[in-house]
Amino acid sequence: MSNFIRKKLTHFKENFTLAEISGSLGDLGTLVPLMVSLSLNGQVSLTSTLIFGGLWNIITGLKFGIPMCVQPMKTIGAIALASKMSMGEIMGAGMFVSGVVLLLGLTRTIHLVNKYTPSAVVRGIQMGTGITLMTKAGTDLLFKIDTPWGGPGWKWYDNYEWAIVWFCVVFFLYHQRRIPTAMIIFAIGLIFAIIVVYTSSNVTQPPAPGFYYPKPIVPTPTEFVNGMLNAGLGQLPLTTLNSVIALVALIRELFPENKTTTVSVATCVGLMNLTGCFFGSMPFCHGSGGLAGQYRFGARTEVSIIFLGLCKMIIGFVLGGSFLGLLQYFPKSFLGVMLFVSGLELAMAARNFCKPTDSQATRNRNFLVVLVSGGMLMTFKNDGVGFVSGIVAYVCLWLDARRRGVEFERDGSTVDNKNKECGDVKGSGPSVIVEEPPKFHSQPNIDHELNEAFSSEKAEDLSHESQFRHHKQ
C-alpha cells in the first residue's frame with residue numbers, strides 16, 4: 001500500500017506541469033455558464049456542485065489514469081433553465097439518467113451497443129457534437145455580451161475585442177503545448193472578475209470565506225417523475241452516446257495504450273449522480289468534448305483533473321455558494337473562445353472515419369454516414385436522432401449493396417460476391433461491381449502518419465520527412 005502511494009505521489013510530482021494545469025481548465029467553457037445560471041436561479045447548490053464535481057474529478061483520474069473530464073449534463077441544464085424546473089425535478093432527472101446508464105453498464109448492454117455501432121456513426125456524433133459546441137460558444141456566450149463593440153455601457157473586461165485577441169493567441173500557439181494558453185486565459189479572466197467585484201458598486205455579495213458543506217436534498221415522487229419525463233428522457237441518448245460510446249472512441253484515438261471500456265465509463269457515470277444529486281449537485285457526466293478540450297490545452301495525464309478536483313473541493317468547502325459572486329462576472333468573451341476550441345478539437349476527431357486500406361467506395365460510404373449522423377444531430381439538437389439516422393442510413397446502404405450483388409464489409413472494402421477472386425468486372429449492368437482496395441505507396445502512408453500524429457504534436461517532424469521524400473521522388 002505504501003509503495004502504491006509513493007508511486008502515485010512520484011507520478012503526480014513528475015507530471016505536475018504548467019501544461020497539465022492549463023489542460024485542466026480546458027472544459028470550463030462548458031461548466032461555468034451552466035453552473036452559474038442554475039446557481040443564480042437556486043436550481044442547484046453551488047456548494048454541492050463544487051464539492052461533488054471535484055470529488056469525481058479525483059476519483060475519475062485515479063480510476064482511468066487520463067484527463068477524463070467531469071462536465072454537466074447539458075440537456076438537463078438547458079431544459080431546466082428554459083422551463084424553470086425546481087431543484088428536486090433536476091435531481092430526479094439526473095438520478096433517472098444515471099440509474100439507466102448504470103444498469104447498461106452493470107449488465108454490459110452498453111458494450112453490445114458499442115460493439116455493433118458502425119464507427120462512422122460514432123465519428124458523426126463526434127463531429128455534430130463538436131460543431132454544436134462551437135455554435136454554443138456564440139449563442140450562449142459571445143452573443144450575450146451586452147455591448148460588444150464599444151458605445152455606451154461598454155465593458156472593458158468583457159467584449160469582442162478580447163475574444164479576437166484570445167482567438168488569435170490560441171491559434172498562434174496551437175502547437176505549442178509548453179505554453180499554457182488556457183491557464184493564461186483563465187488567470188487573466190479571474191483577475192478581471194476580481195477587479196470588477198471589488199471595485200464595482202453593483203456587486204451585492206462578494207465571496208465570503210467560511211466553512212460550507214452539502215445538505216441533503218431528496219426529490220418527491222412527483223418531482224422525480226416530472227424531471228424524468230421533462231429532461232431525463234432527452235438527456236439519456238446524449239449521455240449514452242457522447243459520454244460513453246463516443247468518449248471511449250476518442251480515448252482509443254488519443255491514448256491507444258489505455259484500456260478504458262464502455263462498461264467502466266457507464267458504471268462511473270451511473271454512480272456519479274446517484275451520490276451527488278441527493279445533495280443538490282448539478283447532474284454530471286463524462287464527455288468527449290471535455291476530453292478533447294483538456295487535451296487540446298495540454299492535459300496528458302490524470303494529474304490535470306486531480307488538480308482541478310482538489311481546487312473545486314477547496315473552493316466548495318471554503319467559499320461555497322458565495323463563490324457565485326465572483327463567477328458571474330467572469331468574462332463571457334474568454335469562456336467563449338475556450339468553448340469554441342474545445343468543440344473544434346472534438347469535431348476534428350471525425351477526420352479518422354476510415355482506415356488507410358479502405359477502398360474509395362468505403363471511404364465515400366463512411367463519409368456519407370458521418371455527414372448524416374452529424375447533420376441530423378445538429379438539425380434536431382439531439383444525439384439520439386443523429387444516432388438513429390446514421391444507423392438507418394448505414395442499413396439502407398447495406399441493403400442497397402446486397403441488391404446490387406456487392407459484399408458490404410463493415411470496416412473493410414466492398415467487393416463483388418461473385419467475382420471477388422478474379423479481381424475484375426464480369427457481366428453487365430450495375431448489379432455486378434468489383435472494387436479493389438487501393439494500393440498505397442510511400443507518400444500516402446506518410447500523409448496518413450501526419451493525420452494520425454496531429455493530436456500527438458508530431459506533425460511538424462513528419463511534415464519535414466514527407467517533403468524530403470517527395471522531393472527525392
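Select R351 to begin: at 25% relative accessibility it counts as partly exposed, where buried means under 20% relative accessible area, exposed over 50% and partly exposed in between (1.4 Å probe, protein chains only). This is a predicted model, in which local features need pLDDT of at least 70 and side-chain atom pairs count only at pLDDT 80 or more, while totals for chains, interfaces and linings use all residues. Residues are numbered from 1 along each chain as its sequence is written, and side-chain values use heavy atoms, leaving out hydrogens and water.

E253 lies in helix α11 (residues 221-254) and R351 in the loop between α16 (332-348) and α17 (360-380), 98 residues apart; helices are DSSP runs (H or I, at least four residues), numbered from the N terminus. E253 is buried, with a relative accessible area of 17%.

Move to R296 and E345, a salt bridge with its closest N and O atoms 3.7 Å apart. R296 is in helix α13 (residues 288-296) and E345 in helix α16, 49 residues apart. R296 counts as buried at 9% relative accessibility, as does E345 at 8%.

Now pick K155 and D146, whose salt bridge has its closest N and O atoms 3.0 Å apart. D146 is exposed, at 57% relative accessible area.

Finish on helix α3: 10 of its 13 residues are buried, among them L28, G29 and T30. Just after α3, G42 takes a positive phi of about 70°.

Technical notes
Helix = DSSP H or I, 4+ residues; strand = E, 2+ residues; numbered from the N terminus. Salt bridge = Lys/Arg side-chain N within 4 Å of Asp/Glu carboxyl O.
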